[in-house]
Amino acid sequence: MKEKENTAGLSILTSLALTLGKVLTGVATNSISIFASGIHSGLDLLASALGYYSASQTVKPADDQHQYGHGKFQNVAAVVEAFFILMVVIMILGNALPAIMLGSAKILHESLGIIVMATSSMINFFIAAILGAAYHKNKSEVFREDYRHLMVNGASAAIVCLGLAAIKFTGLTIIDPLLALMIALVLLKEGYYHLKKSAGAIFDVKLSTDEEGIIISALDEYQEKYVQYHALRTRRSGPDRYIDLHLVVPRDQLIYDVNEVCKGIE
């Protein structure tokens with residue numbers, strides 16, 4: 001448990017440091033793309049905080065007020081994150097589009113920006129590797145999501161770094177707002193991913209075809225011990241999957257034997 005907390009803390013501290021570093025550098029260099037990348041890191045920080053909070057809630061047992069458990073805390077957290085992503089995308093577009101149309105982009109201290117973004121990219125990939133190892137060890141969905149966030153952020157930081165290098169050597173400052181536009185599109189994709197993943201669980205959409213295939217395979221293993229099954233229903237709540245169905249058994253089968261079949265299927 002201590003190891004998981006240390007890894008989670010490392011992820012949050014890294015996102016906080018990168019957010020502050022890139023936002024301040026964005027202001028100092030007048031770079032929309034660096035500032036946008038800093039906001040992207042800020043969203044990673046928000047995602048980490050929401051992820052660990054919702055994970056701490058989902059493990060709580062059912063109570064009088066939440067008789068089906070607390071699994072949907074995780075789904076609501078994802079919707080909140082998607083809302084903030086949309087707000088950030090609007091802010092980035094509000095700065096990038098006028099700079100593109102008016103050709104008003106002006107970059108200062110390109111070398112500083114290149115150094116900061118290159119360092120940011122390397123740190124992102126390094127911490128992502130640690131989180132990836134933690135996920136394979138603990139199978140925590142929170143670590144998997146943080147790993148994915150940092151990999152995307154590291155890749156976008158590397159692209160911004162290359163773009164700033166291109167500006168330094170060519171003088172084409174329009175590259176900067178174009179890179180910011182790219183980050184906005186990446187964030188839109190992230191927001192869509194979170195909404196798609198969480199909204200389905202909130203509205204009790206069934207599990208994927210692959211997951212239901214695993215369930216049906218388990219049922220088929222016991223097909224000689226029951227007559228049929230029907231009304232198979234599935235849904236997801238946070239990290240948990242819920243399954244129910246009607247199992248028809250021979251009328252003369254002993255209750256004990258029926259119970260053993262049901263336990264085996266479960």
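**View 1. Confidence along the protein chain.** In this predicted model, confidence in the protein chain is lowest in H2, at a mean of 79, and highest in helix H7 (residues 209–220), at 92. The pLDDT, the predictor's confidence in each residue from 0 to 100, averages 83 over the chain, and 84% of the residues score at least 70. Helices are DSSP runs (H or I, at least four residues), numbered from the N terminus. Local features need pLDDT of at least 70 and side-chain atom pairs count only at pLDDT 80 or more, whereas totals for chains, interfaces and linings use all residues. Residues are numbered from 1 along each chain as its sequence is written, and side-chain values use heavy atoms, without hydrogens and water.

**View 2. The largest cavity.** The structure holds one cavity of 30 Å³ or more. A cavity is a set of points on a 1 Å grid over the protein atoms alone where a 1.4 Å probe fits but cannot get out; lining residues have an atom within 4 Å of a point. The space in the largest cavity is about 40 Å³. Its lining consists of His40, Leu43, Asp44, Glu81, Ile85, His149, Leu187 and Glu190. By type, the lining has three nonpolar, two polar and three charged residues.

View 3. Arg148 forms a salt bridge with Glu190, and their closest N and O atoms are 2.9 Å apart. The pair links distant parts of the chain, with Arg148 in helix H5 (residues 141–170) and Glu190 in helix H6, 42 residues apart. A salt bridge here is a side-chain nitrogen of Lys or Arg within 4 Å of a carboxyl oxygen of Asp or Glu; the count comes to four.

**View 4. A nonpolar patch on the surface.** Val76, Val80, Phe83, Phe84, Leu86, Met87, Ile90, Leu185 and Leu188 together have about 790 Å² of accessible area (Shrake-Rupley method, 1.4 Å probe). Patch residues have over 30% relative accessible area and no salt bridge, with nonpolar side chains joined within 5 Å. The largest share, seven residues, comes from H3.

Key: On a 1 Å grid over the protein atoms alone, a cavity is a set of points where a 1.4 Å probe fits but cannot get out, and a pocket is an open set with protein on both sides within 12 Å along at least five of seven lines; lining residues have an atom within 4 Å of a point. Grid points are joined across faces, edges and corners, and a volume is the space filled by probe spheres set on the points. Ala, Val, Leu, Ile, Met, Phe, Trp, Tyr, Cys and Pro count as nonpolar, Asp, Glu, Lys and Arg as charged, and the others, Gly among them, as polar. Helices (H or I, at least four residues) and strands (E, at least two) are DSSP runs, numbered from the N terminus. Patches are made of residues with over 30% relative accessible area and no salt bridge: like charges are joined within 9 Å, nonpolar side chains (Val, Leu, Ile, Met, Phe, Trp, Tyr) within 5 Å.
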